[in-house]
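Here is a short report for a reader who is new to this protein. Look over the structure, then read on.

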Amino acid sequence: MTYNLQKRKRKKLQHKFKRRNLEKKNSRTCADHLVDEKWECSWFFLLCCSFLLLFVWSYFWLEAQNDYNEFNCQILALWHIVLGQQLNLYWIHKIVVLAILLTTTTGVVFIDDFWQDEWDIVIISLQFTGPFLHIGALAVVTALGWVIAGQVVRVERSRLQVVTLVIYVSLLLVLYLVPLFISSPCIMDRSKLGPRPAVIGRRGAPMLAPEHTIMSFSKALQQKVTALEADVTISLDGVPFLMRDRTLRRTTNVDKLFPARQDHDASFFNWTEIRSLNAGLWFLRDDPYWTVQYMSEKDRNRTANQTVCSLAELLRLAARMNRSVIFSLRRPPRQHPHHQLWVSDALKVIQRSSILPEQVMWTPDWYRKKVRAAVPLLQQTSDEKLPVAELKERGISTLTLHYSQARAQDIRQFSGSNVSVNVYPVNEPWLYSLMWCSGVQSVSSDAPHILKKVPNPVWIMSADEYGLIWITSDLISVAIVIGIFIFQNYHLIRWKMSGMRSYNPEQIMLSAVVRRPSRDVNLMKEKLIFSGETHEHTTVWR
């Protein structure tokens, strides 16, 4: 009898010890699960940040006309979350996410430091893409409601879930009201749309032929441009010639003919030396716009024999084709013999040419009164944004502005005062459409062959049409979000009614996908422990 009592006590102590060990193990599992949950939330945050930065990077390069990366890895990971699965990122996935996050962050910082002006095109593009980005963002956030509802409805209430829900609802409300602050020149009545802006060949057609060559200007004229634009420099012996860069290195073979002087200023070469240079081989070698492959054999041979063009040759070509010419004039350095005569040298060429004075648009502000007195019929143009009164006082009839300075309200003000506005550079149909809706009279383009194919703005809609789209998309979004939450809640009720009638290990294993152990899971674990102990006690008594 005594032996049996001791045996029972020993069994009870063993059961008690086993139960404590099981509880400790269970508590460690819960703690590990909470740690895993925190890490998973951190990786989800990093994944979202990398996805957002990659989107910004891709949008920038898309507007800047460069290739952009794909989102396959991020979309796949986010899709796992949408389906209610854990991220379960392998180390290779984590390395990829961190690499993308680091690369895109570095790229954005690099652009901000070295290409800060390029952000202007992104900001301006939002005027064109804003209404569509809003609808796209609304669709994404509405679809995200499925994930939010699954996290808020299916698990225990906690402060994190409440904060998540508040943030999500606030984001939805912001998106619903964003159109109040969206402004685009293309949201206008079609009856107020002005005539199609004229296209000026900037340095000719530099995507089809070497810039500033007779071939380039001829290609531009084939695209029905209304004027030709060029950059003019004065040679050592006073001959105005066309050159954009300070040196001749990029667009000629000066490194072959004059290797010791390849870094010298282009204006310190005389016209005989400049004329001996080849101005076309670099285009075939570098293929700056990836267009050489589309050139015919005849055009390639012609390109290989191009020389530097003088201002006199450009004026003769424009006069023969009855086209206008607009040019900027670079003043030579102080040591140059024509440092004080550069304006007079350009005027002499204009006066000796056969072009009509009113077809020449004079841009330099230096000695403007002297120029107006010498050739009164020249069209006075300025690239400086000045008040209308000052423009009238200087006799300026055309204003040439960079696209970042061309605001719709300013353009309308200048146009109302009979001052024409020319915007540069405009190479893409979307920017051309935006300038068209803004009311500009002309644009300077490196791609007249592309703008030739734009007979109408890419899109235009009235304020009433946009308002209807805005309200309709908001109502559809509200209906979908409410439907998602109702469905998720109904699904949860059905799961509680059917799935919690019995407790078995399979349900516990399936519940492991839940981010946080619920009361039902704990209850199931306790019942399993209790049933295991009862089974052992029954065996002992037997």
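**Basis**

This is a predicted model: local features need pLDDT of at least 70, side-chain atom pairs count only at pLDDT 80 or more, and totals for chains, interfaces and linings use all residues. Residues are numbered from 1 along each chain as its sequence is written, and side-chain values use heavy atoms, with hydrogens and water left out.

**The whole chain**

The protein chain has 20 helices and nine strands. Helices (H or I, at least four residues) and strands (E, at least two) are DSSP runs, numbered from the N terminus. Of its 542 residues, 43% count as buried. Buried means under 20% relative accessible area, exposed means over 50%, and partly exposed lies in between (1.4 Å probe, protein chains only).

Contacts are heavy atoms within 4.5 Å. Among the contacts with a separation of 6 or more, 64% join residues 24 or more positions apart. The accessible surface comes to about 30,800 Å². Carbon and sulfur atoms hold 61% of that surface. Accessible areas come from the Shrake-Rupley method with a 1.4 Å probe; for residues, only the protein chains shown count as cover.

**Helix α6**

Helix α6 covers residues 214-222. Seven of its nine residues are buried, so the helix is largely enclosed by the rest of the structure. The buried residues are Met215, Ser216, Phe217, Ser218, Lys219, Ala220 and Leu221. They pack against three strands, β1 (198-202), β2 (227-234) and β3 (240-242). They also pack against the helices α10 (297-303) and α11 (311-320). After α6 comes Lys224, with a positive phi near 65 degrees.

**Nonpolar cores**

A nonpolar core is a set of buried Ala, Val, Leu, Ile, Met, Phe, Trp, Tyr and Cys residues joined through side-chain atoms within 4.5 Å. The largest one has 69 residues. Within it, Phe327, Trp362, Leu431 and Met435 touch the most other members. Helix α16 (residues 429-438) gives the most to this core, with seven residues. Leaving aside neighbours within four places in sequence, Leu431 contacts Ile121, Ile124, Tyr403, Pro425 and Val426. Another core, of twelve residues, lies apart from the largest one. Its members include Ala266, Phe269, Trp271 and Ala279.

Leu177, Leu180 and Phe181 make a nonpolar surface patch of about 370 Å². Such patches are made of residues with over 30% relative accessible area and no salt bridge; like charges are joined within 9 Å, nonpolar side chains (Val, Leu, Ile, Met, Phe, Trp, Tyr) within 5 Å. Phe181 sits in the loop between α5 (159-177) and β1. At 71% relative accessibility, Phe181 is exposed.

Leu180 is also a contact of Trp470, along with His134, Tyr176 and Pro179, leaving aside neighbours within four places in sequence. Trp470 belongs to helix α18 (residues 463-499).

**Thr252**

Thr252 lies in the loop between β3 and α7. Is Thr252 buried or exposed? Thr252 is buried, with a relative accessible area of 5%. Its side chain reaches the backbone oxygen of Leu248 at 2.4 Å. Not counting residues up to four places away in sequence, Thr252 touches Met243, Leu277, Asn278, Trp282 and Val308.

**Salt bridges**

A salt bridge is a side-chain nitrogen of Lys or Arg within 4 Å of a carboxyl oxygen of Asp or Glu. The whole structure holds 16 of them.

| Pair | N to O distance |
|---|---|
| Arg203 and Glu211 | 3.6 Å |
| Asp245 and Arg250 | 2.6 Å |
| Glu273 and Arg261 | 3.1 Å |

Both Arg203 and Glu211 are buried. Asp245 is buried at 18% relative accessibility, whereas Arg250 is partly exposed at 32%.

Glu273 lies in helix α8 (residues 271-275) and Arg261 in the loop between α7 (254-257) and α8, so this pair ties together parts that are twelve residues apart in sequence. Glu273 is buried at 19% relative accessibility, and Arg261 is partly exposed at 22%. Elsewhere, salt bridges with shared partners join Arg202, Arg203, Glu211, Asp245, Arg250 and Asp446 into one network.

Key:
Polar contact = N/O pair within 3.5 Å; in protein donor to acceptor, adjacent residues only side chain to side chain.
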